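Here are my notes on the side-chain contacts, written for someone who would rather look at residues than at scores. Keep the viewer open and click along.

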Amino acid sequence: MVKEKPNSTRIYDKEGYRRRAACICVRSEAEAEVLLVTSSRRPELWIVPGGGVEPEEEATLTATREVLEEAGVIGDLGRCLGVFENSEHMHRTEVFVMVVTQELEEWEDSKTIGRKRQWFSIEEALSQLALHKPTQRTYLQQLRHSKHRCPNSAPPIISEHEACDDGGDYPIGTPKDENSTPEESATAAATPTMTTANDSGEAEEEEEEAVNEERKEAEAGVSPSPAIAADEATDADASTNASPPTTPTT
């Protein structure tokens, strides 16, 4: 079953990126274990809980709301790891760290779509995310590096496709504009400018990614999924059955 949020609304920043928030939930201050949840679209795979920022909502509230809905946990929200930018899907995700203090036996998504949660070591979580959400591996890489960041410094804007050297001692990520400060870049990324209705959260994002992947495979000569094939067949039938243009009589 795919999760749907028919009454939610998308929020975009000044540069046209959809605003999202997510949480890296850790078991203790040691940050040696993180909590992942199953994908609503592919329940055998694991993801970081998160979702879209709603109107009049701060990203911190979004993050705590999403982990309660998707993972059924409550905790102490800590530092922001950064604003993670995905230029392909045009969204920016503010990712926070939460030390979990309570795990509910049942929660919204466990009851409605059968979503599960599980604790993983950092290395195990990196391996699991590589199977379905490889860009989210950047969150965990930044988790390691962010402990060395000055507490008063603004969180960096980070490309979700940016490589991170695990041996380094400094946080990854740079301001979008080389003439702006990190504080100015982070503020621009978090400032909402417009909304559009009918956001279905994770389900819509995964559906979009799946369709894009299948179309790329079709272009490369790989057989498309039944849904894509059906769409193409419908288009072909419509083209064949279309009435030819009439020639005016003189």
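**Notes on side-chain contacts**

1. Start with Arg42: at 40% relative accessibility, Arg42 counts as partly exposed (buried is under 20% relative accessible area, exposed over 50%, partly exposed in between, with a 1.4 Å probe and protein chains only). The side chain of Arg42 meets that of Glu44 in a salt bridge, 3.5 Å from N to O. Glu44 is partly exposed too, at 49%. By salt bridge I mean a side-chain nitrogen of Lys or Arg within 4 Å of a carboxyl oxygen of Asp or Glu.

2. Some housekeeping. This is a predicted model, where local features need pLDDT of at least 70 and side-chain atom pairs count only at pLDDT 80 or more, while totals for chains, interfaces and linings use all residues. Residues are numbered from 1 along each chain as its sequence is written, and side-chain values use heavy atoms, with hydrogens and water left out.

3. How many salt bridges are there? The count comes to 13. One of them joins Glu69 and Arg65, at 3.6 Å from N to O. These two are four residues apart in helix 1 (residues 59-71), which means about one helical turn between them. (Helices are DSSP runs of H or I with at least four residues, strands are runs of E with at least two, and both are numbered from the N terminus.) In general, an α-helix has 3.6 residues a turn, so residues three or four places apart point the same way. Buried or exposed? Both Glu69 and Arg65 are buried.

4. Now look at Arg144 and Glu123, a salt bridge whose closest N and O atoms are 2.4 Å apart. Arg144 belongs to helix 4 and Glu123 to helix 3 (residues 122-132), so this pair ties together parts that are 21 residues apart in sequence. Arg144 is partly exposed at 32%, and Glu123 is partly exposed at 47%.

5. Staying with helix 3, its buried residues are Ile122, Ala125, Leu126, Leu129 and His132. They span an arc of only 135 degrees around the axis, so they lie on the same side of helix 3. The arc is that of the directions from the helix axis to the C-beta atoms.

6. Which aromatic pairs does the model have? The whole structure holds two. In Trp46 and Phe120 the ring centres are 5.3 Å apart and the planes stand at 70 degrees, so this pair is edge-to-face. (Rings of Phe, Tyr and Trp, its six-membered ring, pair if their centres lie within 6.5 Å; planes under 30 degrees apart are stacked, over 60 edge-to-face, and the rest tilted.) Trp46 is in strand 4 (residues 46-47) and Phe120 in strand 8 (residues 117-121), so the pair ties together parts 74 residues apart in sequence. Both residues are buried. Phe84 and Tyr139 also pair edge-to-face, because their centres are 4.7 Å apart and their planes are at 65 degrees.

7. Last, the cysteines: the count is zero disulfides, a disulfide being a pair of cysteine sulfur atoms within 2.5 Å.
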